[in-house]
Amino acid sequence: MKVVLFCGGYGMRMRSGAGVYDEAPKPMAMVGPRPLIWHVMRYYAHFGHREFILCLGYGAHHIKDFFLNYEETTSNDFVLRGGRTELLSTDIADWTITFAQTGVESPIGERLRRVRHHLDGDEMFLANYADVLTDAPLPEMIDSFTRRDAGASMMVVPPQSSFHCVDLGEDGLVGGITAVSELPLWENGGYFVLRQEVFDHIPENGDLVADGCAQLAKRGRLVAHQHRGFWKPTDTVKERAALDAAYARGDRPWAVWERDGAGAGATGSRDCAGAST
């Protein structure tokens, strides 16, 4: 199944005001030795979904350069023999990646509209913001949606905010305080399974969620996949730094390809003249 990744936004909340990564789109923020977008793509590839459509916009050259000059030796074992690099495994050798410029200012729904022709009329496809990591069981999410008569499925997660809600009486007295995370609410988790039907509800310059999913919900055509496991966004520098620190100490539940014994990438050796492929 093809995977559409939205990776063209500015990511203003991620910016620290200093450093080269302030110039790059948010999916290129580093977690360990690889950018966020790589971790998201490895997640999908682990479950057999290796055809990617990248909806580019702001900072597109950063993403293009990363893949055009991809360093396999960064995350794969290799043997250096006679001046040639023999890879013992690979990450992206079996991936197909379409790089599509979808506009610098385009809303996500419009970005999706602009790559529709790359989906070849596929009845179902996957979509993701390319900046959220999770250990959600993707096959279960897809199977559940496939059995349903619906136009879209959205993964939802419990509220992540650390704030508290205050119950106020008319006299200004506080009747109770409840952590947002304890409220019976769910957030959009950013992992979608979609049918072509979603395009019927996204107008020009529209949004995937506010327009497409909202209209499907009104028609009883949107389902939710509830996930209470690991899910972490990277909307801020602090959140990205926390994921990077977790990676460094070996605490990376989103790396299902490691947990399930899949290794660093596709198996099999491969010769190359240098360290990159």
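The structure is a predicted model in which local features need pLDDT of at least 70 and side-chain atom pairs pLDDT 80 or more, while totals for chains, interfaces and linings use all residues. Residues are numbered from 1 along each chain as its sequence is written, and side-chain values use heavy atoms, with hydrogens and water left out.

Me: Why is Ile177 called exposed?
Reply: Exposed means over 50% relative accessible area, buried under 20%, and partly exposed in between (1.4 Å probe, protein chains only). Ile177 has a relative accessible area of 59%, and is therefore exposed. This residue lies in strand 12; strands (E, at least two residues) and helices (H or I, at least four) are DSSP runs numbered from the N terminus.

Me: What makes Ala246 buried?
Reply: The relative accessibility of Ala246 is 7%, so the residue counts as buried, the limit being under 20%. Ala246 belongs to helix 6 (residues 237-248). Its contacts (heavy atoms within 4.5 Å) include Asp251 and Arg252, leaving aside residues up to four places away in sequence.

Me: Why is strand 1 described as largely enclosed by the rest of the structure?
Reply: Because 5 of the 5 residues of strand 1 (residues 2-6) are buried. In a regular strand, side chains alternate between the two faces of the sheet. Here Lys2, Val4 and Phe6 are buried on one side, and Val3 and Leu5 on the other.

Me: How do you know that strand 1 pairs with strand 4 and with strand 8?
Reply: Pairing requires that DSSP find at least two bridges between the strands. Strand 1 and strand 4 (residues 51-56) have 5 bridges in the parallel sense, with Ile53 as the bridge partner of Val4. Strand 1 and strand 8 (residues 124-128) have 3 bridges, again parallel, and Val3 is partnered there by Leu126.

Me: What makes Tyr43 and Tyr44 an aromatic pair, and which kind is it?
Reply: Rings of Phe, Tyr and Trp (its six-membered ring) pair if their centres lie within 6.5 Å; planes under 30 degrees apart are stacked, over 60 edge-to-face, and the rest tilted. The search of the whole structure finds 14 such pairs. For Tyr43 and Tyr44 the centres are 5.3 Å apart and the planes 80 degrees, so the pair is edge-to-face.
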